[in-house]
Structures are given as C-alpha cells and as structure tokens.
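Please have a look at the sequence and the structure first, and then read on.

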Amino acid sequence: MRILLVEDEARLADALEHILKKQGYLVDVSYDGTEGLDMAGTGIYDVIILDRMLPGLDGIEILKHIRTNKMTTPVIFLTAKDAVSSRIEGLDAGADDYLIKPFSKDELLARVRVLSRRSKHLQVNNKFSVASLHLDTMLCEVSIDGEITRLTTTEVQLLELLMRNLGQTLTKEQILDRIWGFNKEVEIKNVELYIFYLRKKVNFEKSGVTIHTIRGVGYSLKEMPSC
C-alpha cells in the first residue's frame, strides 16, 4: 500500500516516514502544500496523511481540491488545533479522519489500518486472498495449498496491487507509478521484468488465478473459470 505524507516539519515527517516504512508501507513525502497537491492528484495513493499548516497551500485547500476533483482517496488530517470548530472544518472539507498533534505512533498506525480496509478485496493483517492464492505482505510469502514461495519486496508490492485490483486492467504506467512512485530512473521495462519474475516463481495455474497480458496496454489478474 502506498501512502502520501504531506508535512512541512522535517523532523516529524522523517519520523513518520520511518514508522510507516517499518510497517511495510510505501511512503512518498512532500514538505510543501503545492507539491503535495500535485502528488495527490496522480491518484496513485491508497491513503493520504495531510498536515493542516503548510507552505504553498494549506491542508484545507488541498482537501477541497482533492474532493472537487472527485478523488475518494482516504485522508487523515493532522492538526495542532484542537478546537471543535477546527476539526469540523477539516471533516467538512473532505477529511475521513483527523489526529491532533501530538499523537502516538500506535494511534496513527491504527487509523491507517482502518482506512486501508476500504479496499473492496479481502485484507486482514496484511494478508490478501484470491481463490487459492494467499499473500502475506509482512512475511513476503505466497501460499498455494500449503506450498509457500518467498518473494522479494517489489514482487510482493506488485502482486498486492494486482490482487487489490482483481479483474481490472492496470496499464504499465499505472503499475510503474504505484510501485516505484516518483523514481524517474525506473523504466517501463521494469514492470515487464517483474511480471516475468512473478510468473516464474508463482504457480498461478494451481492457484486458480492468472495474470493476463493486454497487449500494448498492461496486465490484469483474473480468476480462472472452474470446471
């Protein structure tokens, strides 16, 4: 799961980034409201953690832009203002949840988990299942009828993305953005290479699902029809 953190206080942002990455999340950080809005607008994030007071654009303005553009990405609003009116303003602007500074890391992680469960596919404690294919993102393992296969971190992220979007076609560009974010040195051929790695490592035929190639477009994970 990829998270966007928009926080201008560098020390706090770095600490939160470390905490989230330690839990296995992919994290992109912006220290500026204008840049944060541009990054949020890509639509590649599963959760956005957004500070209220930011240079460029403040959090309320960013929230309004996001919701005006029909983006439904869950947003956790961070604020040092504990007045009820301030919290109401954030929620009315489109926030799904809010945290008042200072807050505990455990509370933040709990709220991220709650919002991440909005995925329409099964996710319980970082585990995903489709047919006989079971993925544990924390252990970096795939299990098919009790047979376990170890995957690299990138392979896990790619398979998780496909499982979250079961039956949907993901373009190579979408996959590139979701897995590698704003790393400009990564090319489209990396997507093709890691799809190859997954097909080589995982016995998809036995699992009851398959990765379909949509020529010239991208890939789709689909359940195979039962006999």
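Which residue stands opposite I48 in β4? It is V75 that stands opposite I48 in β4. Before going further, a word on the ground rules: this is a predicted model, in which local features need pLDDT of at least 70 and side-chain atom pairs count only at pLDDT 80 or more, while totals for chains, interfaces and linings use all residues. Residues are numbered from 1 along each chain as its sequence is written, and side-chain values use heavy atoms, with hydrogens and water left out. Helices (H or I, at least four residues) and strands (E, at least two) are DSSP runs, numbered from the N terminus.

**The sheet**

Strands of a sheet pair through backbone hydrogen bonds, either parallel or antiparallel. Here, five strands in the order β2-β1-β3-β4-β5 make an open sheet with parallel pairing; two strands count as paired if DSSP finds at least two bridges between them. At the edges are β2 (26-30) and β5 (97-100), each of which pairs on one side only. From one strand to the next, the twist averages 20°.

Strand β1 (residues 2-6) pairs with β2 in the parallel sense over five bridges, and V6 has S30 as its bridge partner in β2. Strand β3 (residues 47-51) pairs with β4 in the parallel sense too, over four bridges.

How many of the five residues of β4 are buried? Five of the five are, so β4 is largely enclosed by the rest of the structure. Buried means under 20% relative accessible area, exposed means over 50%, and partly exposed is in between (1.4 Å probe, protein chains only). Both faces of β4 are covered, with V75, F77 and T79 buried on one side and I76 and L78 buried on the other.

Contact means heavy atoms within 4.5 Å. Angles run from 0 to 180 degrees between N-to-C directions, and axes are lines fitted to C-alpha atoms, for helices over the stretch in contact. Helix α7 (residues 172-180) lies across β1 and β2 and runs at about 60° to β1.

Two packed helices are described by the angle between their axes and the distance between the axes. The axes of helix α3 (residues 59-68) and α4 come within 8 Å and cross at roughly 25°. That makes α3 roughly parallel to α4; angles under 35 degrees count as roughly parallel, over 145 as roughly antiparallel, 65 to 115 as roughly perpendicular and the rest as oblique. In this contact, I60, L63, K64 and R67 of α3 meet E89, G90 and A93 of α4. These residues divide into three nonpolar, one polar and three charged. For this count, Ala, Val, Leu, Ile, Met, Phe, Trp, Tyr, Cys and Pro are nonpolar, Asp, Glu, Lys and Arg are charged, and the others, Gly among them, are polar.

Helix α6 (residues 153-164) packs against helix α8 (residues 188-201) at an angle of about 90°, with the axes 10 Å apart. The two helices are therefore roughly perpendicular to each other. T154, E155, L158, L159 and L162 of α6 make the contact with Y194, I195, Y197, L198 and K201 of α8. Seven of these residues are nonpolar, one is polar and two are charged.

**An aromatic cluster**

Ring pairs link W180, Y194, F196 and Y197 into a cluster. Rings of Phe, Tyr and Trp (its six-membered ring) pair if their centres lie within 6.5 Å; planes under 30 degrees apart count as stacked, over 60 as edge-to-face and the rest as tilted.

| Pair | Centre to centre | Between the planes | Type |
|---|---|---|---|
| Y194 and Y197 | 5.1 Å | 85° | edge-to-face |
| F196 and Y197 | 6.2 Å | 55° | tilted |

Y194 and Y197 both lie in helix α8, three residues apart, about one turn of the helix. Y197 is partly exposed at a relative accessible area of 31%, and F196 is partly exposed at 48%.

**Backbone details in the loops**

The peptide bond from K101 to P102 is cis, with omega near -5°, and P102 is found in the loop between β5 and α5 (105-116). C140, in the loop between β8 (133-136) and β9 (141-144), has a positive phi of about 55° although it is not a glycine. D145, in the loop between β9 and β10 (147-150), has a positive phi of about 50° and is not a glycine either. Is each of these buried or exposed? C140 is buried at 14% relative accessibility, whereas D145 is exposed at 55%.
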